[in-house]
Amino acid sequence: MGSVNSIREELLTYMNRNQMIHSHFAELSGLNSGTLSRILKGKHPISMAQLAAITAGMKLPEDYFFEDYIEECFSFVVSMRRIRPFIFRSAELDRLDCLEQVVNRLLEDLSYASLLFEFAELLNRDNKHQAARILYRGVSEAEKYQHSERLALCQYRIFRIEIEEQHDLEEKLRAAAQFELYVNRLDAADQLDAMKQLMHIYGLVHKWKRVDELAKEMHRIASVQNELENRRSDTLEEGLKRPERPFYYYILYAYLARTTASEACGDYERALSFVQLYANPERWVQENDEQSRQIITQFTEWAVANTYLYRLMSGELDVIHEYADYIALQENEIFVAVRYIVQAANVFKLNVDSILERFAPYITYESNKTELGDYKQAILQESYAQFLIELAIYLFNHNKSKEQALNTVLKGLEISISMNSSQNMLACMTLFEEYRDFADQELQERFKNLSSEVYQLHAKKDLILLDAL
């Protein structure tokens, strides 16, 4: 990094080389001639607008002087009139290196933590997530001994950013475990959304007991808040913090999550008992706006579909075609339903060729959406990998093309590797080994290459663990 006057020195060198007097460069750059003179003499701090003018006048990239400008920010009296625009422009130009240096310098005085948190929130809302994360981390480090709600909010924001950008399930799980220490310090509105995100991650790695525990706590908090909400007058302050969805939504979602956890553990009787709790939300949900009608419709449809599913998985095999006819009317839910139908076919030795043929256009995860929005990509991929495993087992069991079945296994393995899903990788590799004798040379070579990728993933994980010792 240059000296305090490095910007001024380069500007003087440029003007001398091009035989420019002050007034000429002032006119060229749009700066006031007197201001330029004071800047060159080091008597006047350079504002961001003036830095942009100087850089443009010298025909240089906009961020050319950014590293030198960090010193400029702190060489006179520290002023947010200079630092604030520099932070936001650094974020816009992805100069995260400069941003991190400024944050570290500012936080030598902890009184700036509050202001940096406000900046982080603005950057986060503008989808400048990487820049926001730098500020959140800085504030977290500054307040790590404070046990404050702001510390918890910083950790929550970091968690949300990391799980959105990470495709690796183990990295998502690491982020969840690190954040969960702070979830109880959030206010109720943020806590509900945070618990929902945590349940997504723990569900992806099949930690169903933890999903059930979080859902139980979500139900408790949401019930208290929903009751308070129903008691409030319509004229109560508008600034009251609320979660992303109405409080009653989280009550319903908690029931749905406990249903899923029960089903994943094979307890279909328990799953059915929770289905009944979200089957008729219109009986107690007081709101009657468009959003509430949409939510009620969605949960009602899920209740009907899941009732069919759990009856089927409990051995009521005669409902399979009723189930298929129902989900045919719910286009957005067909993929998930077909996955479970194939699973049931494997458990009870059923032939579901006609159902697979009927819904062939829908059994790709890309088309799987709900009225409440797209499923998260990771959830779709994990679900699709499990579907391919079940489909491959079905093809093997029913003496279908062994080549098709093995290709299906390898496709599932590819997806599992891409997201580092250990459980699904193991299932795919075990299944391929069981039927390896039916694989031609090309399939065996693909499996060998994919197995090498699995080995590299685990070698990388071991290396990270060793480095941490």
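I46 sits in the loop between α3 (33-40) and α4 (48-57); helices (H or I, at least four residues) and strands (E, at least two) are DSSP runs, numbered from the N terminus. This is a predicted model, in which local features need pLDDT of at least 70 and side-chain atom pairs count only at pLDDT 80 or more, while totals for chains, interfaces and linings use all residues. Residues are numbered from 1 along each chain as its sequence is written, and side-chain values use heavy atoms, with hydrogens and water left out.

I46 is buried, with a relative accessible area of 0%. Buried means under 20% relative accessible area, exposed over 50%, and partly exposed in between (1.4 Å probe, protein chains only). Leaving aside neighbours within four places in sequence, I46 is in contact with I7, R8, I39, L51, I54, Y69, E72 and R82, where contact means heavy atoms within 4.5 Å.

The next topic is the nonpolar core. Such a core is a set of buried Ala, Val, Leu, Ile, Met, Phe, Trp, Tyr and Cys residues joined through side-chain atoms within 4.5 Å. The largest one has 160 residues, and I87 and L135 have the most contacts inside it. Helix α14 (residues 247-264) supplies the largest share of this core, twelve residues. Not counting residues up to four places away in sequence, I87 touches L99, V102, L106, L116, F119, L123 and L135.

Two packed helices are described by the angle between their axes and the distance between the axes. The axes of α14 and α15 come within 8 Å and cross at roughly 170 degrees. Axes here are lines fitted to C-alpha atoms, for helices over the stretch in contact, and angles run from 0 to 180 degrees between N-to-C directions. The two helices, α14 and α15, are therefore roughly antiparallel; angles under 35 degrees count as roughly parallel, over 145 as roughly antiparallel, 65 to 115 as roughly perpendicular and the rest as oblique. On the α14 side the contact is made by Y255, R258, T259, S262 and E263, and on the α15 side by Y268, R270, A271, F274 and V275.

R283 counts as exposed because its relative accessibility is 70%. The C-alpha atoms of R283 and I296 are 10.0 Å apart, at a separation of 13 residues along the chain.

Aromatic rings are the next feature. Over the whole structure, a search finds 22 aromatic pairs. Rings of Phe, Tyr and Trp (its six-membered ring) pair if their centres lie within 6.5 Å; planes under 30 degrees apart count as stacked, over 60 as edge-to-face and the rest as tilted. Y278 and F299 have ring centres 6.1 Å apart and planes at 75 degrees, so this pair is edge-to-face. The pair links distant parts of the chain, with Y278 in the loop between α15 and α16 and F299 in helix α16, 21 residues apart. Y278 counts as buried at 0% relative accessibility, and F299 is buried with a relative accessible area of 0%. A stacked pair is formed by Y384 and F387, at 6.1 Å centre to centre and with 25 degrees between the planes. Y384 and F387 are separated by about one helical turn because they are three residues apart in helix α20. Y384 counts as buried at 5%, and F387 is buried at 1%.

Ring pairs also join Y249, Y250, Y253, Y278, F299 and W302 into a cluster. K196 lies over the face of Y253, 5.0 Å from the ring centre, and R339 lies over the face of Y340 at 4.8 Å. A charge sits over a ring if NZ of Lys or CZ of Arg is within 6 Å of the ring centre and within 35 degrees of the ring normal.

Helix α16 also holds A305, which counts as buried at 12% relative accessibility. A305 touches Y323 and Y326, not counting residues up to four places away in sequence.

Two asparagines remain. N399, in the loop between α20 (377-397) and α21 (402-418), has a positive phi of about 55 degrees although it is not a glycine. N420, in the loop between α21 and α22 (422-434), has a phi near 55 degrees, also positive in a residue other than glycine. N399 counts as exposed at 64% relative accessibility, whereas N420 is buried at 7%.
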